[in-house]
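Thanks for coming. Please have the sequence and the model open.

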Amino acid sequence: MGPDSWAATLTPRLAQFAVVARHEHVTRAARQLGMPQPTLSRSLARLEEDLGVALFARHGRTLSLTAAGRTFLAAVERALADVDRAAESVRADADPAAGKVAFGFLHTMGSETVPELIRAFRADHPRVRFQLVQNYGEAMIERLRAGDLDLCLTSPVPDAPDLVARRLDEQKLRLVVPEDHPLAARRRIRLAEAAAELFVTLEPGYGLRRITDALCAQAGFSPKIAFEGEDPETLRGLVAAGLGVGLLPPPAVPRPGVVELAVTAPRAVREIGVAWLDGHPDTPPVAAFKRFLLSRRGQLLLHR
């Protein structure tokens with residue numbers, strides 16, 4: 001019966017085996033590895049003992065691979081090459097000048113806010129690479145916890161013991177109505193005046209949906225939901241088609257067919273913040289981008 005893990009048992013000796021196989025000579029291999037020849041000989045003997053297979057045929061001071069040794073060497077060289085590539089990859093990602101930042105953000109930040117942030121950051125860090133992930137808030141938080149993301153822009157600003165979050169800005173929400181709606185002639189509205197309307201909203205689990213439900217509750221009603229979706233601009237299209245009203249952030253580009261009303265009560269805003277996993281060490285490029293984001297407090301959003 002073999003060990004619980006062949007990798008844990010054999011890994012320390014695989015590079016030694018590969019060097020000996022290339023030289024076919026223990027003394028020359030020991031010289032390259034910078035270790036005593038007797039130590040290397042014992043390591044090879046132990047490797048063969050653990051495997052229960054002869055990897056080398058001995059010819060005085062020289063060696064040659066057995067058939068089993070040739071098979072084993074091909075796999076070992078692939079494994080060592082994979083390790084080398086993995087090491088170079090993680091080192092490259094941590095490079096201060098040209099490393100990688102895995103950055104998540106809300107869909108509503110993708111058309112203007114995030115491209116502008118990255119453009120401004122790369123003015124001083126032109127070679128830093130970004131892995132960009134658009135998603136809704138809860139999904140991004142889970143990816144933070146899984147280690148898939150370094151940082152995320154999200155709303156509401158999360159409050160959890162395993163996360164660090166900082167408020168960066170706030171964005172006004174507007175009641176969006178069809179252009180032929182009786183309320184379309186207004187410029188401002190109290191949210192309670194829309195209590196009888198059908199609403200189009202994001203699906204449960206989205207931060208904006210939680211904010212919408214909470215604001216409606218503050219206004220004294222529970223919204224009657226006509227449609228649920230995953231994208232605010234799709235919801236704007238549903239509003240333009242006369243299928244309901246929506247409480248939405250401002251669009252990057254004005255949408256025809258709708259009128260956007262300022263909400264005077266309750267105060268209708270969503271806070272935008274940056275979050276990261278508490279205690280998670282930052283690579284230099286992540287630390288630089290985090291400092292940059294924190295420096296943009298109050299100046300994050302192009303459309304408020």
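Let me start with Glu48, which counts as buried because its relative accessibility is 11%, under the 20% limit. This is a predicted model, so please keep that in mind throughout. Glu48 forms a salt bridge with Arg58, and the closest N and O atoms of the two are 3.1 Å apart. Glu48 sits in helix H3 and Arg58 in strand E1, residues 56–59, so this pair ties together parts that are 10 residues apart in sequence. Arg58, at 44% relative accessibility, counts as partly exposed.

Staying in helix H3, which covers residues 37–51, we also have Leu44. With a relative accessibility of 3%, Leu44 counts as buried. Leaving out residues up to four places away in sequence, Leu44 touches Phe17, Val20, Val26 and Phe56. Leu14 is 30 residues from Leu44 in sequence, and their C-alpha atoms are 9.3 Å apart.

Now the division of the chain. Domain 1 runs over 6–94, domain 2 takes 100–170 + 271–296, and domain 3 is 174–267. A salt bridge joins the side chains of Asp93 and Arg129, at 3.0 Å from N to O. Asp93 is in helix H4, residues 67–93, and Arg129 is in strand E4, residues 129–134, so the pair ties together parts that are 36 residues apart in sequence. Arg129 counts as partly exposed, with 37% relative accessibility.

Next, domain 2 and domain 3. Their centres, taken over C-alpha atoms, are separated by 27 Å. To the contact, domain 2 gives 9 residues and domain 3 gives 10 residues. How much area is buried between domain 2 and domain 3? About 810 Å², and carbon and sulfur atoms give 58% of that. Between domain 2 and domain 3 there are 2 salt bridges, and 2 residue pairs are in polar contact. Elsewhere in the list of salt bridges is Glu138 with Arg210, where the closest N and O atoms are 3.2 Å apart.

Glu170 is placed in strand E6, residues 163–172. The Glu170 side chain makes a polar contact with the side chain of Arg167 at 3.0 Å, and another with the side chain of Arg267 at 2.4 Å.

On to helix H7, residues 207–218. Asp213 and Arg209 are 4 residues apart in this helix, which means they are separated by about one helical turn. The two form a salt bridge, with the closest N and O atoms 3.2 Å apart. Asp213 counts as partly exposed at 29% relative accessibility, whereas Arg209 counts as buried at 10%. Going back to Glu170, salt bridges with shared partners join Arg167, Glu170, Arg267 and Glu271 into one network. The search of the whole structure finds 22 salt bridges.

Last, the strands. In strand E5, residues 151–154, Leu151 and Leu153 point one way, Cys152 and Thr154 point the other way, and all are buried. Strand E3, residues 100–105, runs parallel to E5 and is joined to it by 3 bridges. E13, residues 269–277, runs antiparallel to E5, also with 3 bridges. Leu153 is the bridge partner of Phe105, and the bridge partner of Leu153 in E13 is Val274.

That is what I have; comments are welcome.

Technical notes. Residues numbered from 1 in each chain as written. Predicted model: local features only at pLDDT ≥ 70, side-chain atom pairs only at ≥ 80, totals over all residues. Heavy atoms only, no water. Buried < 20%, exposed > 50% of the residue type's maximum accessible area, 1.4 Å probe, protein only. Helix = DSSP H or I, 4+ residues; strand = E, 2+ residues; numbered from the N terminus. Pairing = 2+ DSSP bridges. Domains from an automatic or database assignment. Contact = heavy atoms within 4.5 Å. Buried area = accessible area lost by both parts, 1.4 Å probe. Salt bridge = Lys/Arg side-chain N within 4 Å of Asp/Glu carboxyl O. Polar contact = N/O pair within 3.5 Å; in protein donor to acceptor, adjacent residues only side chain to side chain.
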